Amino acid sequence: MKASKFSDAQKAFILKQGSDGIPVAEICRRAGISQATYFNWKKKYDGLLPTEMKRLKQLEDENGKLRTLVADLSLDKEMLQDVIRRKL
């Protein structure tokens with residue numbers, strides 16, 4: 001996935017402007033982002049501090065690695081069980 005050109009602090013600042021009552025179209029024009037990006041960020045990060053946003057990203061990355069690990073181990077288990085079944 002492509003890395004964002006906005007830091008967590010910048011995303012938090014952009015979202016805070018929306019909660020301060022500035023129209024979304026104006027915020028997006030100033031920041032150079034689409035409204036879809038703004039609303040995706042709002043759905044994911046609304047109410048989080050930049051440090052919490054960073055921790056969320058770390059947890060998502062770790063979760064992805066663990067899912068891959070579990071999938072690999074499940075395949076290994078299936079292969080071993082298949083070998084055992086064939087020997088019996």
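Helices (H or I, at least four residues) and strands (E, at least two) are taken here as DSSP runs, numbered from the N terminus. The model is predicted, so local features need pLDDT of at least 70 and side-chain atom pairs count only at pLDDT 80 or more, while totals for chains, interfaces and linings use all residues. Residues are numbered from 1 along each chain as its sequence is written, and side-chain values use heavy atoms, with hydrogens and water left out.

Just after α3, G47 takes a positive phi of about 90°.

Helices α1 and α3 pack at an angle of about 100°, with their axes 10 Å apart; axes are lines fitted to C-alpha atoms, for helices over the stretch in contact, and angles run from 0 to 180 degrees between N-to-C directions. That angle makes α1 roughly perpendicular to α3, since angles of 65 to 115 degrees count as roughly perpendicular, those under 35 as roughly parallel, those over 145 as roughly antiparallel and the rest as oblique. The contact is made by K11, I14, L15 and G18 of α1 together with Y38, W41, K42 and Y45 of α3.

**Salt bridges**

A salt bridge is a side-chain nitrogen of Lys or Arg within 4 Å of a carboxyl oxygen of Asp or Glu, and by this rule the count comes to 6 salt bridges, including those in the table.

| Pair | Closest N to O distance |
|---|---|
| K16 and D20 | 3.2 Å |
| E26 and R30 | 3.0 Å |

The pair of D8 in helix α1 and K57 in helix α4 links distant parts of the chain, 49 residues apart; D8 is buried at 13% relative accessible area, whereas K57 is partly exposed at 27%. E26 and R30, being 4 residues apart in helix α2, are separated by about one helical turn, and E26, R29 and R30 are linked in a network of salt bridges.

Terms used
Contact means heavy atoms within 4.5 Å. Buried means under 20% relative accessible area, exposed over 50%, partly exposed in between (1.4 Å probe, protein chains only).
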